[in-house]
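Please keep the sequence and the structure at hand while reading.

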Amino acid sequence: MDQFFLTGEKLLLWRKKMLGIGGRAVDFDWLLDFGAGLNWSLLQMIRLYPKRNYKLLLSVKRLEGIWRLHLEKDLPLQHLLGRCPWRDFELESSPDALIPRQETELLIDFALKKIDYEHRGQWADLGTGSAPLAVALARELTFWQGHAVDISPQALDLAKKNLNNLAPFAKVKLYLGNWWEPLKEVWGDLNLVVSNPPYIPEKVLFNLDPIVKNHEPHLALYGGKDGMDSIKAIVSGALQGLAKGGLLILEHHHDQSTRILQLMNNLGLGDLGFEKDLEGTKRFAFGRKL
């Protein structure tokens, strides 16, 4: 079956065979979509017109090998394909950085609703990883100056590739270091700061799915005993780093919003609030320098 064209009938039988050896249908269909070029709509058409021939972007042999590696070694499909779709673009993906999740896309939407981006400004992405947030902001805030920070040199190299590929004309500087510290030159001038920091508590980390626990960097996951270590560091630097009226928006664990808003309030930030993720869970906290 090492070929790039299959009839719908053969394709559906092969899909059934692959799911028979294990795994979730939603993951296999993700592989068909982003590996083979067979999206959800096309899969429905295949069911309606099984006699037709359909083109696959990868051979069945290659797709089958990827699926078996995913099942046998708990390897993320994004790393096996080397790319990850996010918002309206595809990032290069590797074990050097966290795989961006769908709910994090909302952070960008919420941030853009809360700022006046008709005028020039400066934004920062603290803990940029593979740069999903930085790429999205660079593509939306085309006249702004961007700053992307990460403590991992490997993650920063990956971020540079993604920014060069997906936002080649954007004004974004990359910094190696921890949270606000590398940005001293722009402290007090940042109109928007976003972050998806490590926020997984210790007791949760060791119960994560092996595909996450064993193949995504703990540096990007582990937030200390209560999950708040990195969040506290980011919030504590907000008054110094933000411009007047500047907005800080953080992704966080489902049970941390109240504590984060209290930290922001104690610091003197105003316009405090939270936003919910796709499942209705409090996931994003925000505050503004008054």
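A salt bridge is counted here where a side-chain nitrogen of Lys or Arg lies within 4 Å of a carboxyl oxygen of Asp or Glu. The model is a predicted one, and it holds 17 salt bridges, one of which joins glutamate 216 to arginine 101, with 2.7 Å between the closest N and O atoms.

**Salt bridges**

- Glutamate 216 counts as buried because its relative accessibility is 5%, under the 20% cut-off, whereas arginine 101 is partly exposed at 26%.
- Glutamate 90 and arginine 83 also meet through their side chains, at 2.6 Å from N to O; glutamate 90 is partly exposed with 34% relative accessibility, and arginine 83 is partly exposed with 26%.
- Arginine 24 forms a salt bridge with aspartate 27, in which the closest N and O atoms are 2.8 Å apart; arginine 24 counts as exposed at 52% relative accessibility, while aspartate 27 is buried at 19%.
- A network of salt bridges links Asp226, Lys232, Asp255 and Arg259.

**Nonpolar cores**

- The largest nonpolar core has 31 residues, and those with the most contacts inside it are Trp123, Leu141, Leu192, Val194 and Ile249.
- Among the elements that give two or more residues to this core are helix H6 (105-113), helix H7 (132-140), helix H8 (153-166), strand S8 (190-195) and strand S9 (242-251).
- Apart from this core lies another, of 29 residues, which includes Leu126, Val149, Leu205 and Ile231.
- Once its neighbours within four places in sequence are left aside, isoleucine 249 is in contact with residues including Leu107, Phe110, Ala111, Leu192, Val194, Phe284 and Phe286.
- Helix H6 has as its buried residues Leu106, Leu107, Ile108, Phe110, Ala111 and Leu112, and these pack against strand S3 (83-86), H7, S8, S9, strand S10 (270-276) and S11.

**Nonpolar surface**

- Met45, Leu48 and Tyr49 make a nonpolar surface patch of about 310 Å².

Methods
Residues numbered from 1 in each chain as written. Predicted model: local features only at pLDDT ≥ 70, side-chain atom pairs only at ≥ 80, totals over all residues. Heavy atoms only, no water. Core = buried A, V, L, I, M, F, W, Y, C linked by side-chain atoms within 4.5 Å. Buried < 20%, exposed > 50% of the residue type's maximum accessible area, 1.4 Å probe, protein only. Helix = DSSP H or I, 4+ residues; strand = E, 2+ residues; numbered from the N terminus. Contact = heavy atoms within 4.5 Å. Patch = residues over 30% accessible without salt bridge, like charges linked within 9 Å, V, L, I, M, F, W, Y side chains within 5 Å. Areas by Shrake-Rupley, 256 points an atom, 1.4 Å probe, with all protein chains shown as cover.
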